[in-house]
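Have the viewer open as you read.

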Amino acid sequence: MVHQEYIDMEFESLIPSFMQRQREELVRLKEACRAADGAQLELLGHRIKGTGRNYGFTYIGRTGEAIEALAKEEAYKDIMELLRGLERYLDTVHIVYVVIEDEGDDAHA
């Protein structure tokens, strides 16, 4: 399955390093999951939830939110399944850059 994300064109120059950081976070998440480190998983899940949403990557944001919640339940098997899905996503996501108009711009015209 190929995922498609519509990302604000203003972020275009930042996306390659963002995606690299997500891959690095994925490695840390897998290590924390193997070590059953719920506190680290909760922290990392929270972090990718926020950065994913801030950049417009809804799948990353939702996955981070789920990891954060599952870490509190110590549901490591479920987290590992989410991490496999995140890895597939990072391998297949198609990014479409779009112009997103700031709603505040119209108020100043």
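A nonpolar core, as the term is used here, is a set of buried Ala, Val, Leu, Ile, Met, Phe, Trp, Tyr and Cys residues joined through side-chain atoms within 4.5 Å. Please keep in mind that this is a predicted model. The largest such core has 27 residues, and the members that touch the most others are Leu 41, Phe 57, Ile 79 and Leu 86. Helix 1, helix 2, helix 3 and helix 4 are the elements that give two or more residues to this core. As background, nonpolar side chains tend to be buried together in soluble globular proteins.

Setting aside neighbours within four places in sequence, Leu 86 is in contact with Leu 26, Leu 29, Ile 48, Tyr 59, Ile 60 and Thr 63. Leu 86 is one of the buried residues of helix 4, which also include Tyr 76, Ile 79, Met 80 and Leu 83. Further along that helix, Gly 85, Tyr 89 and Leu 90 are buried too. What do the buried residues of helix 4 pack against? Their partners are strand 1 (4-8), helix 1, helix 2 (38-55) and helix 3 (58-72). The length of helix 4 can be checked as well: at 1.5 Å a residue, its 17 residues (76-92) should span 24 Å, and the end C-alpha atoms are 24 Å apart, so the two agree.

Just after helix 3, Glu 74 takes a positive phi of about 60°.

Now for the charges. Side chains of opposite charge can pair when their charged atoms come close. The structure holds eight salt bridges. One of these links Glu 68 and Lys 49, whose side chains meet at 2.9 Å, N to O. Because Glu 68 lies in helix 3 and Lys 49 in helix 2, this pair ties together parts that are 19 residues apart in sequence. Both Glu 68 and Lys 49 are buried.

Is Glu 25 buried or exposed? With a relative accessible area of 7%, Glu 25 is buried, since the cut-off for buried is under 20%. Glu 25 lies in helix 1 (residues 15-34), and apart from neighbours within four places in sequence, Glu 25 is in contact with Leu 44, Arg 47 and Ile 48. Arg 28 forms a salt bridge with Glu 25, the closest N and O atoms being 3.0 Å apart. Both residues of that pair sit in helix 1, three residues apart, about one turn of the helix. An α-helix has 3.6 residues a turn, so residues three or four places apart point the same way.

Arg 47 also forms a salt bridge with Glu 25, at 2.7 Å from N to O. Arg 47 belongs to helix 2 and Glu 25 to helix 1, so this pair ties together parts that are 22 residues apart in sequence. Arg 28 is partly exposed at 35% relative accessible area, and Arg 47 is partly exposed at 39%.

Notes
Residues are numbered from 1 along each chain as its sequence is written. This is a predicted model: local features need pLDDT of at least 70, side-chain atom pairs count only at pLDDT 80 or more; totals for chains, interfaces and linings use all residues. Side-chain values use heavy atoms; hydrogens and water are left out. Helices (H or I, at least four residues) and strands (E, at least two) are DSSP runs, numbered from the N terminus. Buried means under 20% relative accessible area, exposed over 50%, partly exposed in between (1.4 Å probe, protein chains only). Contact means heavy atoms within 4.5 Å. The expected span of a helix is 1.5 Å times one less than its number of residues. A salt bridge is a side-chain nitrogen of Lys or Arg within 4 Å of a carboxyl oxygen of Asp or Glu.
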